[in-house]
Amino acid sequence: MTLLKHDYRNHDHRRILLIDRNRTKQELRATILRNYEIEVHTASNITEAATRWRTYSYDLVLVAAQEKSEEALAVTAQIRGIKPGQRI
């Protein structure tokens, strides 16, 4: 697959928060990202995620939710309200 052709391992340290209720998919996605030497923190729900993003600063927050779902909108609003700001 040419999508991931670029060598991301030479870049500065990156931290991602991955929010996904499906533990199997969550671990698969996290493993793929970690293969590119990206630090991945995982959460299974919004409460667990909130604990993580209050403790750490993330370069990216990935939310596995149906597009335009109430849950996705709520997570986005909460993340945007955090100080210091998180990038989505």
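The lining of the largest cavity is made up of 5 nonpolar, 2 polar and 3 charged residues. The model is predicted. The lining residues are Ile19, Asp20, Arg21, Ser44, Asn45, Ile46, Val63, Ala64, Ala65 and Glu71. The space inside the largest cavity is about 50 Å³. The count of cavities of 30 Å³ or more is 1.

The overall architecture was examined next. The protein contains 3 helices and 3 strands. Along the sequence they follow the pattern β-α-β-α-β-α. The protein has 88 residues, of which 30% count as buried. Among contacts with a separation of 6 or more, 61% join residues 24 or more positions apart.

Confidence was considered for the whole protein and for its start. The average pLDDT is 79. A score of at least 70 is reached by 75% of the residues. Over residues 1–6, pLDDT stays under 50. For residues 1–6 the model has 2 contacts beyond four places in sequence.

Helix 3 spans residues 70–80, and its buried residues are Ala72, Val75 and Ile79. These cover an arc of only 65° around the axis, so they lie on the same side of helix 3. In an α-helix there are 3.6 residues a turn, so residues three or four places apart point the same way. The cover over the buried residues of helix 3 includes strand 1 (15–19), helix 2 (46–55) and strand 3 (60–63). The face turned away from the buried side holds Glu70, Ala77 and Arg80. These three residues are exposed.

Strand 2 covers residues 39–43, and Thr42 lies in it. Is Thr42 buried or exposed? Its relative accessible area is 13%, and the cut-off for buried is under 20%, so Thr42 counts as buried. Neighbours within four places in sequence were left aside in listing the contacts of Thr42. Its partners are then Leu17, Leu18, Gln26, Ala30, Arg34, Glu48 and Arg52. Leu17 and Leu18, two of these partners, fall within strand 1 (15–19). Glu48 and Arg52 are also in contact with Thr42, and both fall within helix 2 (46–55). Strand 1 and helix 2 are also among the elements that cover the buried residues of helix 3.

Definitions and conventions
Residues numbered from 1 in each chain as written. Predicted model: local features only at pLDDT ≥ 70, side-chain atom pairs only at ≥ 80, totals over all residues. Heavy atoms only, no water. Buried < 20%, exposed > 50% of the residue type's maximum accessible area, 1.4 Å probe, protein only. Helix = DSSP H or I, 4+ residues; strand = E, 2+ residues; numbered from the N terminus. Arc of directions from axis to C-beta. Contact = heavy atoms within 4.5 Å. pLDDT = per-residue confidence, 0-100. 1 Å grid on protein atoms, 1.4 Å probe; cavity = no way out; pocket = protein on both sides within 12 Å on 5 of 7 lines; lining within 4 Å. Points joined across faces, edges and corners; volume = space filled by probe spheres on them. Nonpolar A, V, L, I, M, F, W, Y, C, P; charged D, E, K, R; others polar.
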